[in-house]
Structures are given as structure tokens and as C-alpha cells.
Amino acid sequence: MSGRHTGELHSHTVEGTDPQLHVGVHEPQADAGLRPVLLLHGFSSSAKLNWEDSGWVKSLLDAGRRVVTVDLPGHGRSGAPEDMDSYAPSRIRADLLQIAVDAGARPLRDGDPSSGLDVIGYSLGSRLAWEFGATQHELVHRLVLGGPNVADPLAEFDLVAAQRYLADGTPIADASTAWLLRMAQGLPSNNIFALLSLVEAIKSEPFDPAEAVPHMPMLLVAGENDERAASLPELAGLGAKAGALVEQLVLPGRNHTNAVTSRAFKQAAVSFLGV
Amino acid sequence: MAEISFPLPDLGEGLIEATVLEWLVSPGEQVERNQPLVEVETTKSAVELPSPQAGRVVRIHGRPGDKINVGEPLIVFEVPDNTAGIVGTVPHEDAPKRRVRLSAVLDED
């Protein structure tokens, strides 16, 4: 793999506590002189699975982009704090802002292509990117949102049933809850109790895309066989109403899991952000 | 010229098979080491496999949707005879992170 890799546990305190988030900064061999790209992975995934093993980091480095990855709390190589506040989406967005600034992102300036920050999210990462873009319009230049939702499937998660299942194996009635928990348990690197804390925190701050809408250009992407593809027009409508330039891309034959590696997805993102 | 066959590598986490999603190279094509070859999907995630070898692609195994077991042939390369022997010694690009000083302390045993 090309480029220099530095991994670090993010140690800047935010509002007095250390978020313990693992940050990776990947430098391109030939820098295109454009702003850094921040990558936000999905629930129960990690920077490695969502962005490195899938070929995204390499694609962006080959395009001369500086790439910043971060593992969400309780995921990948990040810590799994015990306090619920660490998992609140609003708190995570504050942590992301600190990480972006520490990685060298500076507010957008007219005529300076190295200013600002591009953000690519997938699934839960797209929710965070949507809200981050809406609240950080002086920093965020463009957004690419993969497998985005209009509602939050995690907000419907049956925590009580999940905890009962983990305690004594009582089957989970709700199919979506059972699927999410199976996915969360599938990876040894996941801290299952931290992931449940994240779910609980998300339930207290469910996603409402209409509450704050990003104004910057955005590319919405989903697999044709991903039920979330249906949310693209709705999000596009919200964005357009707010004055954003919105492009949509549906990936033929792909679902929520395997859209991630799609070459067409990467090429579209690299070209959309390459301005 | 010699042919070198590469099997589907061990993808970790006890996975024994993967489904081909899309080939990114085709027979006849010259590829570089680390160039993405194919996208495959396991029960846990989708991954892009980089080429372990530079060479010309002779054959690829599995169409989109086909399952391949770990260890079964994935791709065959044609390489010049004199490079066929070095397979397995993958050069490492990264600079060493840590310098180890070998200071002989002969008196201590």
C-alpha cells in the first residue's frame, strides 16, 4: 500500500474528557493539493473493514488525497468508554470536529482548494456526515453519503430483547434487532456492550434529516438491492430545497453490505470530490 | 515465461469461502503488484483483493456470484522465467518504524 500511515489514539480532550478514538492519517505519495477527506464508517464496522480492506483508502491516495479515518467509539481500535455520553451522536460530532482540525483541516476559503474538508460516510457514518455537514458548513466542502437512511434503524432497536438474548439466549422477536445484533457479534473486534451503549445513545438522539440540512454539494449512493436506496430521493429533495447541489447514484446489483467495495462508487466519489 | 497460480487467500476470522462480486482485471491485462484484482464478499464484509504479483493475467476463476473456497485457484499470472522463483519474498515498501541498535555486549553471557 502506498503512502505513510500513522495511527494514533486521539488524545485531545473534548469538553473535558478524552474520547479515546483511534485516528489514522494517510498521506498520498503525490499530493493533489486538495483538502483532506474524512471517512466515517458504519455501525458494527471499522475504518479497516469499511475503508481499508474495501480499497477506499488506496483509491483516494492514488487520487492524491490526504485521508483521515477514525474508528467510532466501541469500534475497531477505539476505546469503549463506559459513560453513555461518549456515544451520543452530538458528542461524536464534536469529537470529529476536533479530529478534523487536529488533522489540519481549515475553514473553507474562496479560491483555496486545500481549505475545508470533504467527508465520506457509509450507513451510520452517512447520518453523522449529514449532520456534521449541516452544522459545519464553514468547514465542509462536499459530502458523499453511501447507504444513507432517512430514519434510523438503530432507533427502532429492541435493547431489552437484545440484553435478554445476551443474558440467557431468549430469542429476539424483532427481525431488524436480531440482524443488527448478529452483525455486531460477527466481529471479534467489536465490544458488544459498547455497541449497545451506542444504540441506546442513538435512541435518545434519533436521526431527523429535516432538522438540519447540509447546504454543500452532496453525492448520495446506494446499492440497487439496498432497501435504503428508496431514501435517496427523499434526502435529495431535502438537500435541493436547502439549496444544495445533489447527485444520486444507484449501484446495479449491489446491496447494503457489498456496495462498499464497488468500483463505480469509488470512482464517482473520487471524481465528485476532485474539484 | 512461467505461470504462477494464486489461490483465494485466507481472509481471516475463520472464513472458508467468498463470493466473487466483480473482477477488476481481465485475461491478457498487465497488472502491477498491489493493483486491485477482484472484489469478493464474505458473510461478514466485502473486500478488494490486491495483486500479490506483477505480471500478465492468464486466467481468472469464478464469475460474479460464484463461490470460491479459500485455497482454490483465483488467478493465474504469466511472469518472466527469472522472476518465478522469487514468489513469497514480497518486498516491503514502508520504511522501518523502529531502528534496532545491535550493540554487542560480549562480556555478559
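Two strands count as paired here if DSSP finds at least two bridges between them, and strands (E, at least two residues) and helices (H or I, at least four) are DSSP runs numbered from the N terminus. This is a predicted model, in which local features need pLDDT of at least 70, side-chain atom pairs count only at pLDDT 80 or more, and totals for chains, interfaces and linings use all residues. Residues are numbered from 1 along each chain as its sequence is written, while chains are lettered from A and ligands numbered from 1 in the order in which they are written.

Chain B holds an open, antiparallel sheet of four strands, in the order E5-E4-E2-E7. Strands E5 (46-50) and E7 (67-69) of chain B sit at the edges, each pairing on one side only. Within this sheet, strand E2 (residues 17-23) of chain B runs antiparallel to E7(B), with three bridges between them; in one of the bridges to E7(B), Glu17(B) has Asn69(B) as its partner.

Over in chain A, helix H9 (residues 263-273) has Phe265(A), Lys266(A), Ala269(A) and Leu273(A) buried, that is, with 20 or more other C-beta atoms within 10 Å of their own C-beta. The buried residues of H9(A) pack against several elements of chain A, including helix H2 (56-62) and strand E3 (37-40).

Definitions and conventions: A residue is buried if 20 or more other C-beta atoms lie within 10 Å of its own, exposed if 12 or fewer, and partly exposed in between; C-beta atoms are placed from the backbone. Two residues are in contact if their C-beta atoms, placed from the backbone, lie within 7 Å.
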